[in-house]
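Let's walk through this structure together, from the overall layout of the chain to a few details of the side chains. Keep the model open beside you as you read.

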Amino acid sequence: MKNVSFTGLFLLGLVSVFFFVNVSEAIIQCSQVDMKAASCVLFATGKANTPAPACCAGLQQLAQSVKSVDDKKSICRCLKTAVKSFAGVQDKFLSQIPASCKIKVGFPVSLNTNCEM
């Protein structure tokens, strides 16, 4: 069985990583992203009708922890790498997460999001 947090990683990065930017040296680790996004897997794979409350809460927490552009890029890279190891994540569900969780991202959420923007 695949690690469900891989899908969560992708979701978190795409949904919230690019939203909050401040100046800082801290880089967010993949393990942190992993924990915050794990509960988003069922929605991202179409097995749940809405993101779980824990999914939205985790995404909000991650978004608030971003202190720099490097943090955003690091989270995105973690997610992009992880999603390759997990089958079943669908763009049509990923794209709904920002609105469902009331998170303003400012760009389309997709499996193809460019982490270096």
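In what order do the elements of the chain run from the N terminus on? They run α-α-α-α-α-α-α, and the secondary structure comes to 7 helices and 0 strands. Please keep in mind that this is a predicted model. The chain has 117 residues, and buried residues make up 46% of them. If you look at contacts between residues at least 6 apart in sequence, 83% join residues at least 24 apart.

Now for the interior. In soluble globular proteins, nonpolar side chains tend to be buried together. Here, the largest nonpolar core has 14 residues. Which residues have the most contacts inside this core? They are Leu59, Val89, Leu94, Ile97 and Cys101. Helices α3, α4 (53-65), α6 and α7 (97-101) each give two or more residues to the core, and the largest share, 3 residues, comes from α4. Another core lies apart from this one; it has 6 residues, including Val33, Val66, Ile75 and Leu79.

How many disulfides does the structure hold? There are 2. In one of them, Cys40 and Cys55 are joined with their sulfur atoms 2.0 Å apart. The angle about the S-S bond is 100 degrees, and this link is right-handed. Cys40 sits in the loop between α2 (30-37) and α3, while Cys55 belongs to helix α4, so the bond links distant parts of the chain, 15 residues apart. Are these two cysteines buried or exposed? Cys40 counts as buried because its relative accessibility is 0%, and Cys55, also at 0%, counts as buried too.

The other disulfide is formed by Cys56 and Cys101, again with sulfur atoms 2.0 Å apart. This link is left-handed, with -70 degrees about the S-S bond. Cys56 is in helix α4 and Cys101 in helix α7, which puts the two partners 45 residues apart. Cys56 is buried, with a relative accessible area of 14%, and Cys101 counts as buried at 6%. You have met Cys101 already, among the residues with the most contacts inside the largest nonpolar core.

Next, turn to the aromatic rings. The count comes to 1 aromatic pair. Why is the pair of Phe43 and Phe93 edge-to-face? The ring centres lie 5.9 Å apart and the planes stand at 70 degrees; planes over 60 degrees apart count as edge-to-face, so this pair falls in that class. Phe43 lies in helix α3 (residues 41-44) and Phe93 in helix α6 (residues 91-94), so the pair ties together parts that are 50 residues apart in sequence. Both Phe43 and Phe93 are buried.

Thr45 is found in the loop between α3 and α4. At 11% relative accessibility, Thr45 counts as buried, because the cut-off for that class is under 20%.

Technical notes: Residues numbered from 1 in each chain as written. Predicted model: local features only at pLDDT ≥ 70, side-chain atom pairs only at ≥ 80, totals over all residues. Heavy atoms only, no water. Phe/Tyr/Trp six-rings, centres within 6.5 Å; stacked < 30°, edge-to-face > 60°. Helix = DSSP H or I, 4+ residues; strand = E, 2+ residues; numbered from the N terminus. Buried < 20%, exposed > 50% of the residue type's maximum accessible area, 1.4 Å probe, protein only. Core = buried A, V, L, I, M, F, W, Y, C linked by side-chain atoms within 4.5 Å. Disulfide = S-S within 2.5 Å. Contact = heavy atoms within 4.5 Å.
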